[in-house]
Amino acid sequence: MSGRFLVIFLLLSGQGFGQYTQEETLKDFTTNHIAKWEIPIKNLADSPELQNNDSLLLTYCNLLYGITGFYIAEKNEKSDIVLSQFFDAIALLKTKPNLTSYYQTYSAAAIAYDMALRPYKIPFSAGKSFSLAYAAVKTNPENPTAWVILGNAKYHAPALFGGNMTEALKFFNTATTLWEHNRKTQNNWLYINTLAWQGFINYKLGNYQVAKAIYTKVLRMAPDFFWVKNELLPDVGQKQ
């Protein structure tokens, strides 16, 4: 299910991608139709402004991150294709010193995806992914996306490679606090999804009332969020 992985991109409030809007992107995410993101990805890839417009480049990278995660989770044959496209987009970020934190963030994420597709790389690549994730939050501690990537790494990694569920929750909390402080929560699917993960980890830790309150908050903003509505909230209800 799409809700079981964290996907990353920064959406500028009210911005569309060709004829594709932020609201449509959120709707596709919450209803598990992320494959539709191929439309704005193509629009951005074809834009002559992509390499010169930082906002477009960030959005492009983030959309690629999202669809790559979805395809890997669904074992889609396009996974390697979009991951390769994602790595190419990250290479463009590397040329922009003002976007260093995002370069580090998405590099960490792309390496993690590569390990998901090729688990034999985990012993050799896990340390690099973690190092880049930590570097991203150090470079720009006000970047919520970087905290999400770090939290994602902490949650999914085995304990032997630095995984820690409690630390993951702390990093997700930092990300959502930053979005709320900066008033970047409206139609922000990543904020909503990160909240859902906060609820899920609280559930795993036995904090059922906290989890239920978070899920209720999520559904007020995204009432059709399939993962929360049909799976997470019913699960926590069985514990009460």
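The structure is a predicted model, in which local features need pLDDT of at least 70 and side-chain atom pairs count only at pLDDT 80 or more, while totals for chains, interfaces and linings use all residues. Residues are numbered from 1 along each chain as its sequence is written, and side-chain values use heavy atoms, with hydrogens and water left out.

The chain contains 11 helices and 0 strands. Helices (H or I, at least four residues) and strands (E, at least two) are DSSP runs, numbered from the N terminus. From the N terminus on, the order of elements is α-α-α-α-α-α-α-α-α-α-α. The C-alpha atoms fill a box of roughly 55 × 40 × 35 Å along the principal axes. Buried residues account for 50% of the 240 residues. Buried means under 20% relative accessible area, exposed over 50%, and partly exposed in between (1.4 Å probe, protein chains only). Contact means heavy atoms within 4.5 Å. Among contacts between residues at least 6 apart in sequence, 63% join residues at least 24 apart.

Axes are lines fitted to C-alpha atoms, for helices over the stretch in contact, and angles run from 0 to 180 degrees between N-to-C directions. Angles under 35 degrees count as roughly parallel, over 145 as roughly antiparallel, 65 to 115 as roughly perpendicular and the rest as oblique. A crossing is left-handed if the near helix is turned anticlockwise from the far one by less than a right angle, and right-handed if clockwise. For residue classes, Ala, Val, Leu, Ile, Met, Phe, Trp, Tyr, Cys and Pro count as nonpolar, Asp, Glu, Lys and Arg as charged, and the others, Gly among them, as polar.

The axes of α6 and α7 come within 8 Å and cross at roughly 150°. Helix α6 is therefore roughly antiparallel to α7. Their crossing is left-handed. On the α6 side, the contact involves Phe-130, Ala-133, Tyr-134, Ala-136 and Val-137. Helix α7 contributes Ala-146, Trp-147, Ile-149, Leu-150, Ala-153 and Lys-154. By class, this contact of α6 with α7 has 10 nonpolar, no polar and 1 charged residues.

Helix α7 (residues 144–156) also packs with helix α9 (residues 189–204), at an angle of about 30° and with the axes 12 Å apart. This makes α7 roughly parallel to α9. The crossing of α7 and α9 is left-handed. Thr-145, Val-148, Tyr-155 and His-156 of α7 meet Leu-190, Thr-194, Trp-197, Phe-200, Ile-201 and Lys-204 of α9. The residues of this contact divide into 6 nonpolar, 3 polar and 1 charged.

Helix α10 (residues 208–221) and helix α11 (residues 226–237) have axes that come within 9 Å and cross at roughly 155°. The two helices α10 and α11 are therefore roughly antiparallel. Their crossing is left-handed. From α10, Tyr-208, Ala-211, Lys-212, Tyr-215, Val-218 and Leu-219 take part. They meet Val-228, Lys-229, Leu-232, Leu-233 and Val-236 of α11. The contact of α10 with α11 holds 9 nonpolar, no polar and 2 charged residues.

Individual residues were then considered. Cys-61 lies in helix α3 (residues 54–73). Cys-61 is buried, with a relative accessible area of 0%. Not counting residues up to four places away in sequence, Cys-61 touches Phe-86, Ala-89, Ile-90, Leu-93 and Tyr-106. Phe-86 is 25 residues from Cys-61 along the chain, and their C-alpha atoms are separated by 6.4 Å.

Ser-125 is found in helix α6 (residues 122–139). Its relative accessibility is 16%, so Ser-125 counts as buried. Leaving aside neighbours within four places in sequence, Ser-125 is in contact with Ile-111 and Met-115.

Phe-161 lies in the loop between α7 and α8 (165–181). Phe-161 is partly exposed, with a relative accessible area of 31%. Beyond its neighbours within four places in sequence, Phe-161 is in contact with Ile-122, Pro-123, Ala-126 and Phe-130. Phe-130 also belongs to the contact of α6 with α7. The C-alpha atoms of Phe-161 and Tyr-106, 55 residues apart along the chain, are separated by 19 Å.
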